[in-house]
Amino acid sequence: MILSNVKLHEALDNGWLVLQPEPLPRLPTRDHPDCPYQTTAVDLHLANEIVWLIDDKPIQIDLRTGGFTRLLDAREHRQITDDQPYPLKPRQFVLGQTIERVALPVSPDGSAPCLAARVEGRSSFARCGLLVHFTAPTIHAGFDGHITLEMCNFGPYPVLLYPRLAICQLIVERVDGVPFRNDSEFQGQSAPGGGAKPHC
Amino acid sequence: MTAWLKCAVREGIFSRESTVSISRGPSGEASFIVPRSEVKGIGSTGRVRVRLLDRRDGKWAVVPSEYRDVVPVQEEDVTVD
């Protein structure tokens, strides 16, 4: 079940969803008419670092063995500013992150709703050829961090990436049931003390 | 209980991250991306801040990765503040 903007606000107020800093304003005002909340999503914004991979290294990535660590030998990065955006060329692939830290805490006793989320691009940017993720859009319950965006330009013209750009939207959904957590003291039991957990 | 777990530390993908590689004994090594603020040191003598769990089969550590991954640990690799 997708959360409406009203329910998103409730989730933020109750700590079931954490967005830090919180995208504002919650409602458009005359002074701030650009509201990041749509009916069932909230905009997240691009942080000021872009990472790309250089392709002149003799690297093969073995996905069986923590393949991402090989990328550390082939990465370049740059800070972007309002005066110096990053021009994402056609067919180029870069990584970015959201400014916002996103957290979907899981209540161990099921007393709070379990939430998960999806990252989606924005249709107006997609029309320019910008893809902001192309796999694993789901942010699972228990996540805590900044969302990494895999950005690629499929259009014919460079797209300028500026810091604080409303680059993607987060759609939050309610999870059915209480997931067990590998980082729980009680992993392997259905609840502290061994009893059945209440449903979310 | 929070503690410091022995690991190899190198840079992460982004500047605010570090990559930590942790030995899991016979299961080999695992690598995780964590906030830079949660590590100290660099190279093979680094340490990462973890939360310790005491389970029936021994001690485990919760790594400060996005999904709070868990790894089995040996007592000698852990330092409590």
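Colleague: How many residues does the contact take from chain B and from chain A?

Modeller: This is a predicted model, to start with. In it, the contact takes 29 residues from chain A and 23 from chain B. About 2200 Å² is buried between the two chains, with 49% of that on carbon and sulfur atoms. On the chain B side, B:Ile13, B:Phe14 and B:Tyr67 supply 31% of the area buried against chain A, more than any other three residues.

Colleague: What makes B:Arg10 and A:Asp73 a salt bridge?

Modeller: The distance and the atoms. The cut-off is 4 Å from a side-chain nitrogen of Lys or Arg to a carboxyl oxygen of Asp or Glu. These two side chains meet at 2.9 Å, N to O, so the pair is within the 4 Å limit and counts. The count between chain B and chain A is two salt bridges.

Colleague: And polar contacts, how many residue pairs are there across the interface?

Modeller: Twelve, with both residues of each pair at pLDDT 80 or more. On the side of chain B that touches chain A, β1, β2, β3 and β5 of chain B each give two or more residues. Of these, β5(B) gives the most, with five residues. That side of chain B divides into nine charged, nine nonpolar and five polar residues.

Colleague: Why is B:Arg68 called partly exposed?

Modeller: Its relative accessible area is 23%. Buried would be under 20% and exposed over 50%, so B:Arg68 falls in between. B:Arg68 lies in the loop between β6 and β7 of chain B, and its phi is near 50 degrees, a positive value in a residue other than glycine.

Colleague: Where in chain A is there a positive phi of that kind?

Modeller: At A:Arg164, with phi near 70 degrees. A:Arg164 sits in the loop between β11 and β12 of chain A. Most residues other than glycine have a negative phi.

Colleague: Why do β2 and β9 of chain A count as edge strands?

Modeller: The open sheet runs β2-β12-β7-β9 in chain A, with antiparallel pairing. β2 and β9 each have a single partner strand, so one side of each is left without a neighbour in the sheet.

Colleague: What makes β7 and β9 of chain A a pair?

Modeller: Pairing needs at least two bridges, and β7(A) and β9(A) have two, so they qualify. A:Arg118 stands opposite A:Thr138 in β9(A).

Conventions: Residues numbered from 1 in each chain as written. Chains lettered and ligands numbered in written order. Heavy atoms only, no water. Helix = DSSP H or I, 4+ residues; strand = E, 2+ residues; numbered from the N terminus. Buried < 20%, exposed > 50% of the residue type's maximum accessible area, 1.4 Å probe, protein only. Contact = heavy atoms within 4.5 Å. Buried area = accessible area lost by both parts, 1.4 Å probe. Polar contact = N/O pair within 3.5 Å; in protein donor to acceptor, adjacent residues only side chain to side chain. Nonpolar A, V, L, I, M, F, W, Y, C, P; charged D, E, K, R; others polar.
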